[in-house]
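Please read them alongside the coordinates.

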Amino acid sequence: MTKITLVAFDGTRFDVDAENGSTVMENAIRNSVPGIEAECGGACACATCHVYVDDAWAETVGAPEAMEEDMLDFAFDVRPTSRLSCQIKVRDELDGLVVHVPERQA
Ligand code: FES
């Protein structure tokens with residue numbers, strides 16, 4: 001298990017024990033984190049699972065692949081640390097990861 005924290009737009013923190021191999025989006029849905037819609041179910045086709053990776057974690061999480069980058073064009077208020085949470089796979093090195101949910105999705 002890897003501990004990750006999702007911070008809702010109102011500041012509520014959701015500390016989650018996430019299974020390695022699952023995605024950050026799946027953990028958000030499972031824990032009813034408000035603001036993550038994930039309409040396409042994780043297919044990188046909707047951009048409604050947009051999150052901001054905490055600055056301290058941006059390098060470890062890494063940059064989006066080309067397909068995700070294209071999809072991010074449809075997200076609301078994209079920033080340098082924007083990622084689609086369905087494309088972030090939980091792994092040991094992300095233990096302690098913090099991501100922030102934007103004000104709204106696309
Ligand atoms: S759930 Fe649709 S792009 Fe992530």
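1. Glycine 35 lies in the loop between α1 and β3, where helices (H or I, at least four residues) and strands (E, at least two) are DSSP runs numbered from the N terminus. Glycine 35 counts as buried because 21 other C-beta atoms lie within 10 Å; the cut-offs are 20 or more such atoms for buried, 12 or fewer for exposed, and partly exposed in between, with C-beta atoms placed from the backbone. Leaving out residues up to four places away in sequence, glycine 35 touches Ala8, Phe9, Val101 and Pro102, a contact being a pair of C-beta atoms, placed from the backbone, within 7 Å. By contrast, 25 Å separates the C-alpha atoms of glycine 35 and glutamate 93, which are 58 residues apart along the chain.

2. A word on provenance: this is a predicted model, in which local features need pLDDT of at least 70 and side-chain atom pairs count only at pLDDT 80 or more, whereas totals for chains, interfaces and linings use all residues. Residues are numbered from 1 along each chain as its sequence is written.

3. The protein has three helices and five strands, and from the N terminus on these elements run β-β-α-β-α-α-β-β. Its radius of gyration, taken over C-alpha atoms, is 12 Å, close to the 13 Å that the globule rule gives for 106 residues, so the protein is as compact as a globular protein of that length; the rule itself is 2.2 Å times the number of residues to the power 0.38. The C-alpha trace spans about 30 × 25 × 25 Å along its principal axes. Of the contacts with a separation of 6 or more, 67% are accounted for by residues 24 or more positions apart.

4. The five strands form an open sheet of mixed pairing, in the order β2-β1-β5-β3-β4, with two strands taken to pair if DSSP finds at least two bridges between them. At the edges are β2 and β4 (82-84), each of which pairs on one side only.

5. Turning to individual pairings, β1 and β5 run parallel and are joined by four bridges, and isoleucine 4 stands opposite leucine 97 in β5. The strands β3 and β5 run antiparallel with two bridges, and here tyrosine 52 stands opposite histidine 100. Three bridges join β3 to β4, also an antiparallel pair, with arginine 83 of β4 as the bridge partner of valine 51.

6. Which residues have the most contacts inside the largest nonpolar core? They are Ile4, Leu6, Val24, Met25 and Ile36, in a core of 26 residues; a nonpolar core is a set of buried Ala, Val, Leu, Ile, Met, Phe, Trp, Tyr and Cys residues joined through C-beta atoms within 7 Å. Two or more residues each are given to this core by β1 (2-7), β2 (13-18), α1 (24-30), β3 (50-53) and β5 (97-100), and the largest share, three residues, comes from α1.

7. Isoleucine 36, leaving aside neighbours within four places in sequence, is in contact with Met25, Ala28, Ile29, Cys49, Ser85 and Val101. Over the whole protein, 32% of the 106 residues count as buried.

Technical notes. Two residues are in contact if their C-beta atoms, placed from the backbone, lie within 7 Å.
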